[in-house]
Amino acid sequence: MPKDGGIGASTKRREDVRFLTGVGNYTDDINIHGQAHVFFLRSDVAHGTLNSVDTSAAEAMDGVVRIFTGADFEAVGGMPCGWQVTDRHGEVMQEPRHPILAHQKVRHVGEPIAAVVADTLEQARDAAEAIVVDIAELPAVIDMKDAVKDGAPKVHDDLTSNLCYDWGFVEENKDAVNKAFEEAAHVTTLELVNNRLVANPMEPRVAVGEYARGTDEHTLYTTSQNPHVIRLLMGAFVLGIPEHKLRVVAPDVGGGFGTKIFHYQEEAFCTFAAKACNRPVKWTSSRTEAFMSDAHGRDHVTKIELALDADNNFTALRTDTYANMGAYLSTFAPSVPTWLHGTLMAGNYKTPLIYVNVKAVFTNTVPVDAYRGAGRPEATFQLERVVDKAARELGVDPIALRRQNFITEFPYATPVAVEYDTGDYHATMDKLESMGDFAGFAARRAESEKNGKLRGLGVNCYIEACGIAPSNLVGQLGARAGLYESATVRVNATGGLVVMTGSHSHGQGHETSFAQVVSEMIGIDANMVEIVHGDTSKVPMGMGTYGSRSIAVGGSAMVRATEKIIAKAKKIASHLLEASEADIELKDGAFSVAGTDKSVAWGDVTLAAYVPHNYPLEDIEPGLEETAFYDPANFTYPSGAYACEVEVDPDTGKVSIERFCAADDFGNIINPMIVTGQVHGGLAQGIGQALLENCAYDADGQLLSASYMDYAMPRADDLPMFQVDHEDGTPCTHNPLGVKGCGEAGAIGSPPAVVNAVVDALQSAGKDVTHVDMPLSPDRVWAAMQ
């Protein structure tokens, strides 16, 4: 059993005390003396020429400090994109300028045209209503396939077309893949949609800009998952502020799910305006603003084909995907449908030949970027739906078909350029079959039929790549930033530690789990370890939190820094104990001499580090503080098997989830309770995509789902009690903790399980239904049954 507070203990989250008692410090809680407020006037048309913006009447209104338009930012850099993709022809992607405020044209509903800074938010809003905007509306292009046709309206006049890139992977496999399909005994084909989603974190985005004229220093308080990256992008590429003159602070953040990774126009504006107006400037997004300004997720249309031989072995896979970029390239958008998607198309299977084609397309919609899972949910949904369809076409058991094609030997180099270091897919499937009581399903189905309902069982497997790595590799693939992580461990004279991490916590429980790692290494109470994050003035350069990278990359940096601390502390202890350094052992918070009863407490050694009376300073310098940067050698590869049971009402098409089981392999587990919570949250979001959520536009580019009246978020009564099991995983072989990643798994594995279950329910009733696109709303399911 793990000791209290150490690795493996289900310690309650220490940060929850302040969250649950209402004393958290979120960005909107930050109010600076003399601050002004900003209101953005946003476009109500999807595409148009901006003829004029008349602010004269608004400028004369009470409380107005200044009104900004696109003309004020002509000399300022556009919003940067952090990843460059090279297409299958060797050409770099088309990369349009993304202005802070619209200039000359508007390209999606919600694009900011003008920004009013006023003494109060009400005054800013009133003045914005007095601005007269003359827009000559142009035809909008919303459908991706229409956007790449000859003669389609161009989103950006200076580009050759609406095609951002045409990416092929692995291009040299293409001919062999095509030949395998020609020789296949069976081919299964499926066309499907990964529906567009809005992330909807509980806390909307907020930005507060502050400028100190005496020192020429800027501070931005913002709801960000990676403050250092925001500082780098905004300072170097947008506003031209030297990094040492720009501080970015992300305090408590109420959820991110990917949508708070990116650098947004409002952050750059508030930073710029604080200096221009010589007073702090604050913006808090409304929920409707969030729907039309936060980066959206998913939005892929795919044709996937699976080739099998006469023995039902997978021989080849190929996909053709249209991926929506929206009107502009968000920070990491180009990487999501390519390197975060194509590299996972092998899944859990030993398919020898794979080819992935992705056409990224500009449309007159909100930009699309990473959302929980980012590319891996899209890949898993495609793959697990086509495998399930193949099993039904062949008349074989879906689990047996999967097992037959599982990878069983590790490490395993996939044909899509990644190498899985560990895994045991049969073990997770064994665990799932036990958890799910598949043997009792027939009786449960019969009971549902007595009640006039159709019952279905869906299973699927997944694998994902977490802890994006290593920096030199992703740099070759187009990343414009490193993907290492950093940690500084500062030991106080009385033995307490402050750990400063470049990772950022926005609900994951880092303040608890990170402290468990350090306390386990030293053998002290976890309450002696403080975790500091989210402030670029306090922590070393780090890449933030996304892609389930925090414990695998950020935690590994902490381990390396703590190892340095222990090594130096042993030197001090050896002098205090008058023994050889090689004989010093650290256990349970005390240093001892091996084979003797001589020991010295952790606190005595740390005090000696700052009161250096007992060791030669020429050998050991005073103090006890170390920094480490950790750049991972490979991704980590969590995997799992999920099962969903649904009931379908044949009269209405309504789907209810009756049971859901998740068997995951996350490697070593730091805090099982936190991991369970992460899986539960991911399952809820994945089920939301499968059954309820859909971001919809009409043909003119109007956002039809711009509020909770029109966008269905999952509620408690939409979800069952989840059964989850993540014990006995296969440890990662290339990080010091043996951890993988857990934050996105539930959102990756759950959508195909739900859809597979609904298709099973409909087919059990004799309906000729092979697929229903998400979300499986009652009207879609009912129509499929007719």
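The protein chain carries 19 helices and 28 strands, taken as DSSP runs numbered from the N terminus (helices are H or I with at least four residues, strands E with at least two). This is a predicted model, in which local features need pLDDT of at least 70 and side-chain atom pairs count only at pLDDT 80 or more, while totals for chains, interfaces and linings use all residues. Residues are numbered from 1 along each chain as its sequence is written, and side-chain values use heavy atoms, leaving out hydrogens and water.

**Overall shape**
- The C-alpha trace of the protein chain spans about 85 × 75 × 55 Å along its principal axes.

**Second largest pocket**
- The second largest pocket has a volume of about 440 Å³, the space filled by probe spheres set on grid points joined across faces, edges and corners.
- A pocket here is an open set of points on a 1 Å grid over the protein atoms alone, where a 1.4 Å probe fits, with protein on both sides within 12 Å along at least five of seven lines; lining residues have an atom within 4 Å of a point.
- Its lining has 18 residues, with Ile142, Asp143, Met144, Asp299 and Val301 nearest the centre.
- Helix 4 (144-147) and strand 14 (314-326) each give the lining at least two residues.

**Helix 14 against helix 15**
- Helix 14 (residues 510-522) and helix 15 (residues 550-577) pack at about 35°, with axes 10 Å apart; axes are lines fitted to C-alpha atoms over the stretch in contact, and angles run from 0 to 180 degrees between N-to-C directions.
- Residues in this contact (heavy atoms within 4.5 Å) include Phe514 and Met521 of helix 14 and Met558 and Ile566 of helix 15.
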